[in-house]
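Dear colleague,

I am passing on the structure below, followed by my notes on what was found in it. Please read the two side by side.

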Amino acid sequence: MNHIIELQRVWKRYDTGGEVVEALKDVDFHADPGEFVAVMGPSGSGKSTMLNVLGLLDTPTEGTVSLDGQDVTDLSDREMTVHRKRFIGFIFQSFHLIPTLSALENVEMPTLFGDDPTARDRATHLLERVGLGERLDHRPDQLSGGQKQRVAIARALINEPRILLADEPTGNLDRKTGRSVLDLFDEIRREDDVAVIAVTHDPQLGDYADRTVELIDGRIQ
Amino acid sequence: MSVLDDLFRRVPALLMARRNLSRNRIRSGLAVLGIIIGVLAIASLGMFGTTLRTGATQQLGDIGNEISVSPNFQEGIEELTERDVDEIRRAVTDGAVVPVRSESKLVSRGDRQTVTTVYGMENPGALYEAEQGRVPDRLRQGALVGSGTAGLLDVEPGNTISVDGRTYRVAAVLAEQQGISLVSPNNAVIVPIEDVNGTGYSQVVVSADSGQAANESAVAIREALNEREERVSVFELQSITAGINEFFGILNAFLIGIGSISLVVAGVSILNVMLMSTIERRQEIGVLRAVGVQRGDVIRMILAEAGLLGVAGGVIGAILAVGAGVALNAFVLNDPLATFQAANLLYIVLAVGFGVGTSVLSGLYPAWKAANERPVEALRK
Ligand SMILES: Nc1ncnc2c1ncn2[C@@H]1O[C@H](COP(=O)(O)OP(=O)(O)OP(=O)(O)O)[C@@H](O)[C@H]1O
Ligand SMILES: [Mg+2]
């Protein structure tokens, strides 16, 4: 019962004007601290939807979401935002760095609105850790894809989250670069006891995952 | 620079706003230009009004300090008596009382001659200053010649002129009076009062030390002389100045109203710019929200952007407006420093305030829209 995050009987329906799309059907899912879970499945099977529900970006139509043992299904927008900041780090396929901010500022960004005197030191340290100690002041357009994803990973770690959610983190990277990003994930979950949940089509991710969950047509197989 | 850095660290919304604005400099620049024009329009039209008012007030001179008492012809009173003058003297506590008799007469010097108004006055020194020569406190002999008449007859102090055959030595040529005057000396000749026919007076001019004293005297004179019957009519030039002030007040409000229209247009352009830039940054704002930035902070960030546009436009607009004001005052009033007066400061503050206010107001809708977008939707490609 020490799941850091858990979905119970989660349904997600989209009402698209007459036709109802069931993106998640009765999904039970959990992840433990330090666990690396890969979520696989064909396109349109509901992987991103599930990740959004796990990341408190979206609420399920039915079922419950628990975070660190607490029911967080029906929180207000403000509370969800607070929980996202405290518990969850996001990594996106297309990195989503802010183009006007330097690498360092991008990493600091989640702490920017709020009094956090040690944020700059932590951000510097994290960038050094992901191998970008020399690139602190570079803008995203001055970085390679792999470097951008490393900045994004550092950003995801700045608030010391318990869960890392990654939607196709290696989707825009070549094999070798993808591998180095996965190595980084592996290191993080071992050293920081963070649960890593990654949606992927990348077969090499299977080598890293403790467990692979297969979603087909909104159902976990 | 470190002060700015410090500010940015303390107010992260400003840092983000500043960076976002520098993303599309031309667009931001054009939005600022709109505000500059609006602020410039309001401030410089306001200052233009002040300049007009100052110019008009200068034209009017001290007339607000003078009142004129004349016989009430409607009641059949043709002239003011010695008793009336005494009563006026008693009523006026603070100022000089100058009884006046007037007639049109032929004035000549050598072979030049002209028909002008001749005023008989005992103490013209209370009203006029000399351009050449000296105006005596009591005019017992000799004549004072107004500048226009002096030019016409080519006289200067020491010459003799003849008024209806009577010879006078010219004691002084009077300084030309600018603007309106109750008894304008410019085209007149002033002689001792006994020399003008009659026993009564055609009018009595009271020259008080201030507009307020003039007003008090007018009230006192009406009380003293018009108690039983409406013997005299009292004319206060102050009523003109008050009317003129009111007119310029309306004119200014009108000018500023016109200026405000351009600011409204600028506001619409800021609304457009902010809306476009928030739509372009949809995903980014989604990311901000995903990593734990609250709605309120997103709103603050976008309002800070709009506010920065407004402040930049306001400051530049204010500087340009001061420049325009200096140029205008140098040209119209010959006094560039007339720009720096309280009324103008008020217009500038008002214009800048309007500029910033309009910008922030225009940022409200885009900010609200961006903050209320659900991050899931924003992050979908
Ligand atoms: N906002 C939405 N409105 C309507 N339908 C939606 C919405 N979001 C997702 N869907 C539908 O839900 C289903 C699951 O979508 P989801 O994005 O989770 O798929 P996915 O597994 O991530 O696919 P991919 O591998 O292509 O990213 C799809 O059929 C999709 O069309
Ligand atoms: Mg997806």
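Helices (H or I, at least four residues) and strands (E, at least two) are taken as DSSP runs and numbered from the N terminus. With that naming, β1 (5-16), β2 (19-31) and α1 (47-54) of chain A each supply at least two residues of the shell around ligand 1, and α1(A) gives the most, with three residues.

This is a predicted model, in which local features need pLDDT of at least 70 and side-chain atom pairs count only at pLDDT 80 or more, while totals for chains, interfaces and linings use all residues. Residues are numbered from 1 along each chain as its sequence is written, chains are lettered from A and ligands numbered from 1 in the order in which they are written, and side-chain values use heavy atoms, with hydrogens and water left out.

Ligand 1 lies between chains A and B. Of the 15 residues around ligand 1, those that come nearest are A:Ser43, A:Lys47, A:Ser48, A:Thr49 and B:Arg380, where a residue is near if one of its heavy atoms lies within 4 Å.

Several polar contacts (pairs of N or O atoms within 3.5 Å) involve oxygen atoms of ligand 1. One such oxygen is 2.8 Å from a polar backbone atom of A:Gly44; for side-chain N or O atoms, the distance from a ligand oxygen is 2.7 Å at A:Ser48 and 2.5 Å at A:Thr49. Taken alone, ligand 1 exposes 630 Å², of which the protein buries 72%, with accessible areas from the Shrake-Rupley method and a 1.4 Å probe.

Turning to chain B, an automatic or database domain assignment gives domain 1 (3-59 + 243-379) and domain 2 (73-230). The C-alpha centres of these two domains of chain B lie 57 Å apart.

Best regards

Definitions and conventions: A polar contact is a pair of N or O atoms within 3.5 Å; within protein, one must be able to donate a hydrogen and the other to accept it, and residues adjacent in sequence count only if both atoms are side-chain atoms.
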